[in-house]
Amino acid sequence: MTSTDAVLLNITDDIATITLNRPDRMNALDHAMIAGFSDALDKIEAQSSQIGAVILEGSGGTFMAGGDVKFFYEMTQSSAEETRSVIDAMISRVHDIVIRLTALPCPVIAKLEGAVAGFGVSLMNACDLAIAAEETVFTLAYIHIGTSPDGGSTHSLTRLVGMKKAKEIALFGDRFGADEAHDCGLINKVVPADQLASATTNYAARLASGPRGAIARTKALLNAAPQATLTEQLTAEAKSFAECAVSADFREGVTAFVEKRNPRFGKS
């Protein structure tokens, strides 16, 4: 286990768990959390060949309540020039985290409970899969403090839920529950609170035991698809399939199929 004041990182059995750790502030994002998150990603990227899945969670029974509004209030007491400079620098670091999280070769699973608000929604959307406890409450929330969203949520929401629903979520900032989040495509699964840990661990374990090269290539193809033409995507798929076809995992997968047994994929 490694930690900073605001983020914990645990790597066990090929699964990395990043825990947002400001429970007294509902895991609101501040400079310490940004630094801790970046440090955790440094460690995961350095060991990426040994990690099959990442779980992203919050401590204290909530995922993330967005940015630290107390910090934002303090910034309003500064000059416009200073406020703009500080906020620009902070958001640049935040956006770097979103890009790096999305670019990880292994899948990232958001484990959601309590509040998922503001940047918490953006962070959730940057993950590949999301599982929520039944009582989880979602809100994009930015509009309530007089600002537009960041963290890529205007990019991800339009792709996940469609333009009309994205505008409803962003322009009103209303709260909605886990069932609605599931129905509109924001999350994959809703479970009772006492099953959240086991359901998330099961997802992570299944991914970590799978063919990692094929999983990484599939994730990359899916991430690139919205910006690609059909011809470009077909070309990318052909190249990816050919690379997979010369791997040990492919050889094991087709052999296991012919022999009517479960495949035993490697970790490379």
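**A walk through the model**

Start by selecting Thr200: leaving aside residues up to four places away in sequence, it touches Ile55, Ile109, Lys111 and Ile131. Bear in mind as you look around that this is a predicted model. Thr200 sits in helix 8, which covers residues 196-208. Is Thr200 buried or exposed? With a relative accessible area of 1%, Thr200 is buried, because buried means under 20%.

**Out to the surface**

Now pick Glu134, Glu135, Asp179, Asp183 and Asp194 together: they gather in a patch of negative charge on the surface. Zoom in on Asp179, which has its place in helix 7 (residues 178-183). Asp179 is exposed, with 54% relative accessible area.

For a patch of another kind, select Phe241, Phe250 and Val254, which make a nonpolar surface patch of about 280 Å². Phe250 belongs to helix 11, running over residues 248-258, and counts as partly exposed at 33% relative accessibility.

**Two loop residues**

Here's a bit of background: most residues other than glycine have a negative phi. Go to Asp14, in the loop between strand 2 (7-12) and strand 3 (15-20). Its phi is near 70°, a positive value in a residue other than glycine.

Then hop to Asn27, in the loop between strand 3 and helix 1 (31-46). Asn27 has a positive phi too, near 60°. Asn27 also counts as buried, at 0% relative accessibility.

**Salt bridges**

How many salt bridges does a search of the whole structure find? The search finds 15. Show the side chains of Arg100 and Asp42, which meet in one of them at 2.6 Å, N to O. Arg100 lies in helix 3 (residues 80-103) and Asp42 in helix 1, so this pair ties together parts that are 58 residues apart in sequence. Arg100 counts as buried at 13% relative accessibility, while Asp42 counts as partly exposed at 40%.

Next, select Glu168 and Lys165, whose salt bridge has its closest N and O atoms 3.2 Å apart. These two are 3 residues apart in helix 6 (residues 163-172), so about one helical turn separates them. Glu168 counts as partly exposed, at 37% relative accessibility.

Move on to Glu252 and Arg261, another salt bridge, with the closest N and O atoms 2.7 Å apart. Glu252 is buried, with a relative accessible area of 16%, whereas Arg261 counts as partly exposed at 24%.

For your last stop, highlight Arg22, Arg25, Asp30 and Asp68: salt bridges that share partners join them into one network.

Methods. Residues are numbered from 1 along each chain as its sequence is written. This is a predicted model: local features need pLDDT of at least 70, side-chain atom pairs count only at pLDDT 80 or more; totals for chains, interfaces and linings use all residues. Side-chain values use heavy atoms; hydrogens and water are left out. Helices (H or I, at least four residues) and strands (E, at least two) are DSSP runs, numbered from the N terminus. Buried means under 20% relative accessible area, exposed over 50%, partly exposed in between (1.4 Å probe, protein chains only). Contact means heavy atoms within 4.5 Å. Patches are made of residues with over 30% relative accessible area and no salt bridge: like charges are joined within 9 Å, nonpolar side chains (Val, Leu, Ile, Met, Phe, Trp, Tyr) within 5 Å. Accessible areas come from the Shrake-Rupley method with a 1.4 Å probe; for residues, only the protein chains shown count as cover. A salt bridge is a side-chain nitrogen of Lys or Arg within 4 Å of a carboxyl oxygen of Asp or Glu. Lys and Arg count as positive and Asp and Glu as negative; His and the chain ends are not counted. The place of a charge is taken as NZ of Lys, CZ of Arg, CG of Asp or CD of Glu.
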